[in-house]
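Q: Please take a close look at a single part of this structure and describe its surroundings with care.

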Amino acid sequence: MTMPTEPERPRAQRGGGLILAVFALGLAAIVGTTVAFLPRGPKPPPISVVGGSFRLDSSKGGVLDSRTLLGKPFLVFFGFTQCPNVCPTTLADLGNLLDAFAKEGGDLQAYYVTVDPEQDTPEVMRDYMASFSERITGLTGSPEAIERVTRAYRAEVKRVPLAGGGSTIEHSLMVYMMDRDGGFVGPLDLGAGHPLALKQLHRLVAGGRPS
Amino acid sequence: MRLRPSRLAALALALAALSAGPLSAHDYKAGPLKIDHPWSRATPGGAKVAAGYLSVTNTGASPDRLTGASITAAGRAELHSMSTENGVMKMAPLPNGLEIAPGATLTLAPSGNHLMFLDLKQPFKKGERVAGTLTFEKAGTVPVEFVVEGLAAKGPDQGHDHDHAH
């Protein structure tokens, strides 16, 4: 018995195989591209290491636990009541922005964490915050609690002496945009004007993260 | 707001230093120096500090130097630089003051060099004028008034004197 030899295929059939192979390749490319661009379900939780939970005294009375903020985006920033130049401007400007955002149907709360907990007692914070929008809540606490928050937010805080005695505090100016899971989205840019900042807030509330 | 009588007396005295003048741009001359519109901002509740801003143009032929300031409504005033480094606000005293070269304009503004008023005796309210002085190396001490703008003001005269295009 001899082994059957590969039958010679007619020329026309071999040509058909080549066309099929090219077609299959093309199909694979199309399917591959389509799959790559398919939506992949819900976004993964943020990988950001900036931010963290806190329990601090609220300028509106009582204790604010950051866990109660989850489910909605929020803003966080740092400062102190005896800050002459930048903090009051930021507070007033951000308050105006949040009020404008509310007029556009948005709802966002901001939390102003003191970096001077010894001076900024809950009473001091209450009086101070009364000068600004109700959408900004002042937060204070023990020096240890404040240190934990500033560390979690990677905020820089440094006390520097003044020429005529006393001291002031250098600190991060960033307004942190936090998403509904408490993850850091990015800094709010107040310097570029309210129209752009409002766009950022709308995107934050819509759940979009910058790519 | 409740105040103890002793505090009330102190407040009345301090308030006497203030006058609610019209919020027009104002300037002063001191020799070859033209001091333009000293201003400050309303202070939030409980704040014992404020900042002062202005510009000075030297129309003379020799340089002068702003070396200090005082304000009746505050315990003291210091000249500070302010800068932002990596998103952190940095402040530093300017012990040698700030030079104003001939023909140059020195501007103290919220985003940079400014006067810091410490130990405020009463809050600054929008629309008030706060009496003070500026001291120059050559032009000497010049009495001025700081116009108090709103809390959110980023520059002088916001919403008052200029024709804003809305």
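A: Leaving aside its neighbours within four places in sequence, H171(A) is in contact (C-beta atoms, placed from the backbone, within 7 Å) with F78(A), G79(A), V115(A), A155(A), E156(A) and V157(A), and also with V88(B) and M89(B) of the other chain. The model is a predicted one, in which local features need pLDDT of at least 70 and side-chain atom pairs count only at pLDDT 80 or more, while totals for chains, interfaces and linings use all residues. Residues are numbered from 1 along each chain as its sequence is written, and chains are lettered from A and ligands numbered from 1 in the order in which they are written.

H171(A) lies in strand β7 of chain A, strands being DSSP runs of E with at least two residues and helices runs of H or I with at least four, numbered from the N terminus. H171(A) counts as buried because 27 other C-beta atoms lie within 10 Å, the term requiring 20 or more such atoms, with 12 or fewer for exposed and partly exposed in between.

The UniProt annotation "binding site", from an unreviewed entry, covers H171(A) together with C83(A) and C87(A), although such annotations may be inferred rather than shown by experiment. These residues are spread over 89 residues of sequence, yet they cluster in space, with a largest C-alpha distance of 10.1 Å. C83(A) lies in the loop between β3 (74–79) and α2 of chain A, and C83(A) is likewise buried, with 26 other C-beta atoms within 10 Å.

Turning to the two chains, 28 residues of chain A are in contact with 27 residues of chain B. The elements of chain A that give two or more residues to this side are α2 (86–103), α3 (122–129) and β7 (167–171), and the largest share, six residues, comes from α2(A).
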